[in-house]
Amino acid sequence: MSASGAAARPSPVRRPYPTAAGIASVAHRLARLVLSVILTFLGLTLVTFFIGRVIPIDPVLAIVGDKASKETYAKVAAEIGINLPLPVQYWRYLMRVLHGDFGVSIITAHPVLQDMTHVFPATMELAVVALLVGTLLGVPLGVVAATNRGRWPDQVIRFGSLLGYSMPVFWLGLVGLLMFYAKLGWVDGPGRLDVAFDDIVTPVTGMITIDSVLGGEYDVLWNALGHIILPASILGYLSMAYIARMTRSFMLGQLRQEYVLATRAKGMPPFRVVWVHALGNVWVQLVTVVALTFGSLLEGAVLTETVFAWPGLGLYMKNSLFNADLNAVLGGTLVIGIVYIFLNMLSDVIYPLVDPRARDRR
Amino acid sequence: MSATNLRIGAATGWRGWLLDSAPASRHQARLGRWYRAWLGLRRNGLAMTGLVIVLALVFVALFAPLFASHASAFTQTLTDRLQPMSWAHPFGTDELGRDIYARVVFGSRTTLAIVALVSIIVVPLGLAIGLPAGYFGGWIDAVLMRVTDIFLAFPRLVLALAFAAALGPGIENAVIAISLTAWPPYARLARAETLTWRRAEFIEAAVLQGASHLRILFTQIVPLSMPSVIIRLTLDMAGIILTAAGLGFLGLGAQPPAPEWGAMVSSGRQYLLDQWWVATIPGLAIFVVSLGFNLLGDGLRDLSDSRG
């Protein structure tokens, strides 16, 4: 191969210095991303505003109750600005949300945001452990399914994933409690800790497993793990189904590539080709999938927390729901929605950062 | 006579007519396409299992009184409460002495109704947003897809929960809440399909013949998009059933005494340790039905992949 022949092709090597066009392209993409995040956030608040202010037939009555006097009614009506034009009302609502004012919860009589800071860590803890379970099981299973495409391991994993997609999480939670807690006694029951271990650990992060390690209280850690393992495994199984499926399809794409054949021909053991080289090329895509899975875990937490009496965001929303505490429900919806937007944004940002192919694509 | 029919062992008779590679009429071509899809599906054991489950759901829901008596599903017999499984009560009885088997049978009506209602809301809504977006492009596309993205960014169950909280509990509100969160993927899909076909020559031919935009959309593009919409819908059904059951479990779906599987699991919770069947049997019904839809949808998707 002559040197001129190689030079005639467009060089695949990226320039080591940023070009003006490159910077402009990054700035353009960043601007688009910011704009899309802002728009989505506005859409989210518009929906929660609509649910909170427009759907209830009389929002004032919902606050004061039907035994209130005329004066109280008029006072509250003026306070929440119910007679103002809707766009003005929305603007006021948006400003309050941006200042972190989600209203006051009727049940707890605390500002909703303050309640959120208490319950959100519990949900985060559950979702993070579930995500660990789902990823640590899902990725290897996806790889095994891809390398055995069409054979029995693939079929078994595929069927197992479909089972995971099809199970109502609250039912699986109950069956799990019945088997592993009531019958076999392998795990601890509902709640985050046994009563005897309550209030030993000083809350720092709000996640008991981390706080107990920080405080050196390993008895508490052990008890907390006994409580979290079942709900987290059940949530994790559901996310495992999705992660395994996506890993399989990404891996199939890689195993078709010529470099796989080339490394095999050079005598590299198949194990190394699959688990190091092919898997190494799909982890970027997997990060996106895992990030999106995290969102659905927060959602699954609403039902799981109800079953396991887990004092997190989901249980908080559920209890608020039954006490007609609309501020608290909408506050929870906003928080989960914002986390969703954040995760989507994160995967949009991470993706081009670590994968040059996505960066150069216009 | 086509080449396929000259092969040795080629199908003859009505199968030959269906599999003819040179159909003589539009009718024959359409039936042939359906028949080929059926042959493909029939080879897939899991998909056939799914189909059987789905058909069984429809059949049981439509003819529920043939399978169980209406009275035993609704009449409270407090002397018979929390009975274990027996010949008289195959799945035992619940906390009010009602036959769980009969309630599961009649509960299939609730599930089927939710699924059917959500489908007939979501598909037209998705098409109404996705078709113009793909067909006209430009600012219409930008605006419609931005709206779609906003709804797509919402967690489904949580939004359904918020809607149900504002609208009040009840099956109609559960359907509205689920529909409002379920349409965006259909808009995306319809847009993608429209983009694929928009520049096709037969569309240009239709334009030259003076067909209106509306006519082209409805007579050309909608029929072409339907297969992928149906596959997506089948795969979505499980999610819809699970969301509906979740809302029911939280007490936001069908209200008592109507039999709804999610609500039945919820009311059986407190007897879980001693009378396990009260909560687990209705949950098993949810699981089996959503598995059926997933298996069928999975098989249909494989079918469309191998053709495309």
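Modeller: Chain B splits into domain 1 (10-43) and domain 2 (47-307), with bounds that come from an automatic or database domain assignment. Before going further, this is a predicted model, where local features need pLDDT of at least 70, side-chain atom pairs count only at pLDDT 80 or more, and totals for chains, interfaces and linings use all residues. Residues are numbered from 1 along each chain as its sequence is written, while chains are lettered from A and ligands numbered from 1 in the order in which they are written.

Taken over C-alpha atoms, the centres of domain 1 of chain B and domain 2 of chain B sit 31 Å apart. Their contact takes four residues from domain 1 of chain B and four residues from domain 2 of chain B; two residues are in contact if their C-beta atoms, placed from the backbone, lie within 7 Å. On the domain 1 side there are two nonpolar, one polar and one charged residues. For those classes, Ala, Val, Leu, Ile, Met, Phe, Trp, Tyr, Cys and Pro count as nonpolar, Asp, Glu, Lys and Arg as charged, and the others, Gly among them, as polar.

Chain B as a whole has 14 helices and zero strands. Those are DSSP runs numbered from the N terminus, H or I of at least four residues for helices and E of at least two for strands. The C-alpha trace of chain B spans about 75 × 55 × 25 Å along its principal axes. Among contacts in chain B with a separation of 6 or more, 64% involve residues 24 or more positions apart.

Now for the partner. The contact between the chains takes 37 residues from chain B and 39 residues from chain A. On the chain B side, the elements giving two or more residues are α7 (138-152), α8 (156-167), α12 (213-249) and α14 (277-307). The largest share, 10 residues, comes from α14(B). By class, that side of chain B has 27 nonpolar, six polar and four charged residues.

The largest nonpolar core has 165 residues, and those with the most contacts inside it are A:L126, B:L161, B:A162, B:A174 and B:I241. Such a core is a set of buried Ala, Val, Leu, Ile, Met, Phe, Trp, Tyr and Cys residues joined through C-beta atoms within 7 Å. Helix α10 (residues 218-255) of chain A gives the most to this core, with 17 residues. Zooming in on B:A174, and skipping neighbours within four places in sequence, its contacts are B:I114, B:A164, B:A244, B:L247, B:L252 and B:G253.

Across in chain A, there are 15 helices and zero strands, and 37% of the 362 residues count as buried. Helix α6 (residues 112-147) of chain A has 36 residues and should span 52 Å at 1.5 Å a residue, which agrees with the 50 Å between its end C-alpha atoms; the expected span is 1.5 Å times one less than the number of residues.

Methods:
A residue is buried if 20 or more other C-beta atoms lie within 10 Å of its own, exposed if 12 or fewer, and partly exposed in between; C-beta atoms are placed from the backbone.
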